[in-house]
Amino acid sequence: MSSTRTVVLAGASGFIGRYFRARFEQDGWTVRTVGRKGDRSSPSATWEDDDGAIARVLEGTELLVNLAGRSVSCRYNARNKAAILQSRVSTTAALGRAVALCRQPPSTWLNASTGTIYRHATDGPQTEQDGELGTGFSVDVARAWEAELEAAVTPGTRKVPLRIAIVLGPGGGALRPVANLARLGLGGRMGPGTQKFSWIHVEDLYRSVLFVHARKDIAGPVNVASPDVVDNRELMRMVRRAYGARFGIPTPAWLLRLGALLIRTETELVLKSRWVQPQKLLNSGFVYSQPELGRALLQIAKGTS
């Protein structure tokens, strides 16, 4: 293994990837990347390259983190569905083939998945051990994503799918459209307001990656979320407070569906009840830097992490 700690970030051009790259470099890691041809980040290898080129980037590195995947903030028409699925499954398959070619493969491969894999839950938290998987397009994508990781033949590399909740952080992430609604006075509950909101601060996502990599005893899917789960009504109250909105008009489900058509997205992103319990992280002693949603939102609104 290389004497320098080296990480490969696949899909490093998005909000999370850019944050990860900066943090790994701050912590003294050498960062290599795999991305699309033409990315401004000038990736070390591209998905358009052959498996051997990607394998050379992976050779002798310590950690592989795959974040690649097309944004799900779009209408779920046939073309977009195919692109969302393909962008996750094909990149994971390519990494699996490349890792298999390495003489010194990464010791850990952490592959993004999603907390949306669980069912719409308002009656109890969904843990890795007893959580119930849901149905529908998003769940099908998550299942296929994790199945592709499982299928990769990499005996020298521990593979862990990260079932990541909605990621919040300064300068991007899923919070921006919600904050914009609050500023416009539309920051009331969305739909029934009883749907649960599972989230993770991007810094704790980064820290959980380091934690799971270091803890070789952790196996299988890992839920990456804060234990501080709130419902949508409470979420919007906290968003209004953070962004100084004195009132927020509630948005009924029918109006959300109309608005989703206009801005070309899906209401699932706000109406599905996600109650993701990070049981493995809690049992292993992971300590959150941003455990409370209200405090995290206030800091994000001020532009600090």
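The dialogue below walks through the sheet, its helices and some individual residues of a predicted model.

Q: In what order do the strands of the open sheet lie, and in what sense do they pair?

A: The seven strands of this open sheet follow the order β3-β2-β1-β4-β5-β6-β11, and their pairing is parallel. At the edges stand β3 (45-46) and β11 (222-224), each of which has a single partner strand, so that one side of each is left without a neighbour in the sheet.

Q: Over how many bridges does β1 pair with β2, and over how many with β4?

A: Strand β1 (residues 6-10) pairs with strand β2 (residues 30-35) in the parallel sense over five bridges, and L9 has T33 in β2 as its bridge partner. With β4, strand β1 forms a parallel pairing over four bridges, where V8 stands opposite L64 of β4. The sheet then continues from β4 to strand β5 (residues 108-114), again a parallel pairing over four bridges, and here L64 stands opposite W109 in β5.

Q: Which way do the residues of β4 point, and are they buried or exposed?

A: The general idea is that the side chains of a regular strand alternate between the two faces of the sheet. In β4, L63 and V65 point one way while L64 and N66 point the other way, and all of them are buried.

Q: Which strands does helix α1 lie across, and which does helix α2 touch?

A: Helix α1 (residues 15-26) lies across β1, β2 and β4 (63-66), and runs at about 175° to β1. Helix α2 (residues 51-58) also packs on the sheet, where it touches β1, β2, β3 and β4, and its direction makes about 160° with that of β2.

Q: Where does T154 lie, and why is T154 counted as buried or exposed?

A: To read such a case, one compares the relative accessible area with the cut-off, which is under 20% for a buried residue. T154, in the loop between α4 (137-151) and β6 (158-164), has 7% relative accessibility and therefore counts as buried. Apart from its neighbours within four places in sequence, T154 is in contact with G96, V99, A100, W109 and K159.

Q: What makes the nonpolar surface patch, and where is L184 placed?

A: The patch, of about 420 Å², is made by L184, L186, F247 and I249. L184 is placed in the loop between α5 (175-183) and β9 (196-197). Since exposed means over 50% relative accessible area, L184 counts as exposed at 66% relative accessibility.

Definitions and conventions: Residues are numbered from 1 along each chain as its sequence is written. This is a predicted model: local features need pLDDT of at least 70, side-chain atom pairs count only at pLDDT 80 or more; totals for chains, interfaces and linings use all residues. Side-chain values use heavy atoms; hydrogens and water are left out. Two strands pair if DSSP finds at least two bridges between them. Helices (H or I, at least four residues) and strands (E, at least two) are DSSP runs, numbered from the N terminus. Contact means heavy atoms within 4.5 Å. Axes are lines fitted to C-alpha atoms, for helices over the stretch in contact, and angles run from 0 to 180 degrees between N-to-C directions. Buried means under 20% relative accessible area, exposed over 50%, partly exposed in between (1.4 Å probe, protein chains only). Patches are made of residues with over 30% relative accessible area and no salt bridge: like charges are joined within 9 Å, nonpolar side chains (Val, Leu, Ile, Met, Phe, Trp, Tyr) within 5 Å. Accessible areas come from the Shrake-Rupley method with a 1.4 Å probe; for residues, only the protein chains shown count as cover. A salt bridge is a side-chain nitrogen of Lys or Arg within 4 Å of a carboxyl oxygen of Asp or Glu.
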